[in-house]
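Hi,

Here is the structure I promised to pass on. Have a look at it first, and my notes follow below.

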Amino acid sequence: MRVKFYGVRGSIPVPGPHTLRYGGNTTCLYVEVDGYPIIFDAGSGIRQLGAEMMRQDFGQGAGEASLFFTHMHWDHIHGWPYFTPAYIHGNQFNIFGPSSLNVSLEDSLVNQQQYQNFPIMLSEMPAQFEFYSMEENRPVDVHGAKITARRLNHPGGVMAYRIEYKGKAVVFATDIEHYSVPDYRLMKLAQDADLMIYDAHFTPDEYVTHIGWGHSTYEEAIKLARKANVKSLRLTHHAPEHSDDFLDEFIVKPAKELFDDVDGAREDEEIILD
């Protein structure tokens, strides 16, 4: 299983000299199992992923991939209209995610591409799309990978995912807010995972004035990683106001003092689990 980060920021893209090391694109995670692409979220990072996929079968209209959405907040979908493989006839995308606030997964993408927002509607994109509602406790099989979802704490709702393939497990838990005690649902989902990718948008001091915003901290990530026996931890959804230097000093450095295998997620970082 190959894991690669294409976007690790939260809220809004922040390109510039102060975000070069960790990256300025919003959330997009790529997981490959036996050559098959599985994408999680479509923040601005999906544009670069799409450009790379166009050099493969997707450039010839012969590609297939699955796309899972954690939730439908704008920073997790606003890269979708710029995903070039979706404009190539013959490509097929199986799209999974939660329905929320009485709006279906498909309608959330349709609404984003109304003409007042974007010149091409979802129905005008030439690739083939199949939409599936993701449910808790109902894992799906994607090219031999078992993918399980859990609903967690975030305004409007969010899903965390566990991807299991050939004895290895990755957990993607972005845009979640911890409780006063570790969330037993996430703890169960993350049990014995080889890699957990966890929301650390705020420092512990910042969180005190941002309770209810739907995000967490490196301290809470480590508490849960220890209880769930997680082997490796990556902190993600970096706040747009946090520069590379800030992340180094106030999030990554103190996290490394508390947990052996932890780092801030960085665009283009690739992790191989075999």
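Before the notes, one term: buried means under 20% relative accessible area, exposed means over 50%, and partly exposed is in between (1.4 Å probe, protein chains only). Helices (H or I, at least four residues) and strands (E, at least two) are DSSP runs, numbered from the N terminus. This is a predicted model, where local features need pLDDT of at least 70 and side-chain atom pairs count only at pLDDT 80 or more, while totals for chains, interfaces and linings use all residues. Residues are numbered from 1 along each chain as its sequence is written, and side-chain values use heavy atoms, with hydrogens and water left out.

Let's start with helix 1, residues 46-53, where I46, L49, G50, E52 and M53 are buried. These five sit on the same side of helix 1, because they cover an arc of only 160 degrees around its axis (taken from the directions from the helix axis to the C-beta atoms). What do the buried residues of helix 1 pack against? Their partners are strand 1 (2-7), strand 2 (28-33), strand 3 (36-40) and strand 4 (64-68), with contact meaning heavy atoms within 4.5 Å.

Next, the cores. A nonpolar core is a set of buried Ala, Val, Leu, Ile, Met, Phe, Trp, Tyr and Cys residues joined through side-chain atoms within 4.5 Å. The largest one has 30 residues, and V171, L186, M196, Y198, L233 and L235 have the most contacts inside it. Among the elements giving two or more residues to this core are strand 9 (158-165), helix 3 (184-190) and helix 5 (218-227). Helix 5 gives the most, with 5 residues. Another core, of 29 residues, lies apart from it and includes F5, Y36, F40 and F68.

L186 touches L152, A160, V171, A173, I176, Y198 and L224, leaving aside residues up to four places away in sequence. L186 also turns up at the largest cavity: along with H178, D183, Y198 and L224, it lies nearest the centre, out of 13 lining residues. (A cavity is a set of points on a 1 Å grid over the protein atoms alone where a 1.4 Å probe fits but cannot get out; lining residues have an atom within 4 Å of a point.) The space inside is about 100 Å³.

Finally, a backbone detail: N137, in the loop between strand 6 (128-133) and strand 7 (140-142), has a positive phi of about 60 degrees although it is not a glycine. N137 counts as exposed, at 58% relative accessibility.

Cheers

Notes:
1 Å grid on protein atoms, 1.4 Å probe; cavity = no way out; pocket = protein on both sides within 12 Å on 5 of 7 lines; lining within 4 Å. Points joined across faces, edges and corners; volume = space filled by probe spheres on them.
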